[in-house]
Amino acid sequence: MTWDPEDAGLREAEAVLEPTRPQIARMQEQVEERVEREGVPLLDEWLGLARARPLANGGLALAAALALLLTTPFGAMLWAIVRGAAA
């Protein structure tokens, strides 16, 4: 079996994997319209996760919050304040 650069299947795959600028713009418009139409506040999404499986999702949310706190400049600033207050 040889590789044919004119293979229609390969051209379709390339079109999907590497969309053109107009395709990207159209996809972005569709996503923005859907978010505006069906927008759910972030807090409602988090509360929905907590209601679905309180222990498992609560632990994941806590881990995510801790990771954000430890990896952001705000977390480093809080850590410096806590260390300074303890000294």
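This is a predicted model: local features need pLDDT of at least 70, side-chain atom pairs count only at pLDDT 80 or more; totals for chains, interfaces and linings use all residues.

Reader: Is asparagine 57 buried or exposed?

Author: The relative accessibility of asparagine 57 is 15%. A residue counts as buried under 20%. Asparagine 57 therefore counts as buried.

Reader: How are H3 and H4 oriented to each other?

Author: Two packed helices are described by the angle between their axes and the distance between the axes. Helix H3 (residues 42-52) and H4 have axes 6 Å apart and pack at an angle of about 135°. An angle over 145 degrees would count as roughly antiparallel, and 65 to 115 as roughly perpendicular. H3 and H4 are therefore oblique.

Reader: Which residues of H4 make the contact with H3, and how many residues of the contact are nonpolar?

Author: From H3, the contact is made by Trp46, Leu49, Ala50, Arg51 and Ala52. H4 contributes Pro54, Asn57 and Ala61. By class, the contact has 1 charged and 1 polar residue, and the number of nonpolar residues is 6.

Reader: Where does the side chain of threonine 71 make a polar contact, and is the residue buried or exposed?

Author: Threonine 71 also has its place in helix H4. Its side chain reaches, at 2.7 Å, the backbone oxygen of alanine 67.

Reader: How far apart in space are threonine 71 and glycine 58?

Author: The two residues are 13 residues apart in sequence. From C-alpha to C-alpha, the distance in space is 20 Å.

Reader: What span should helix H5 have, and how many of its residues are buried?

Author: Helix H5 has 14 residues (73-86), which at 1.5 Å a residue should span 20 Å. The end C-alpha atoms are 20 Å apart, in agreement with that span. H5 lies largely in the open, because the number of its residues that are buried is 1.

Notes
Residues are numbered from 1 along each chain as its sequence is written. Side-chain values use heavy atoms; hydrogens and water are left out. Buried means under 20% relative accessible area, exposed over 50%, partly exposed in between (1.4 Å probe, protein chains only). Helices (H or I, at least four residues) and strands (E, at least two) are DSSP runs, numbered from the N terminus. The expected span of a helix is 1.5 Å times one less than its number of residues. Axes are lines fitted to C-alpha atoms, for helices over the stretch in contact, and angles run from 0 to 180 degrees between N-to-C directions. Angles under 35 degrees count as roughly parallel, over 145 as roughly antiparallel, 65 to 115 as roughly perpendicular and the rest as oblique. Contact means heavy atoms within 4.5 Å. Ala, Val, Leu, Ile, Met, Phe, Trp, Tyr, Cys and Pro count as nonpolar, Asp, Glu, Lys and Arg as charged, and the others, Gly among them, as polar. A polar contact is a pair of N or O atoms within 3.5 Å; within protein, one must be able to donate a hydrogen and the other to accept it, and residues adjacent in sequence count only if both atoms are side-chain atoms.
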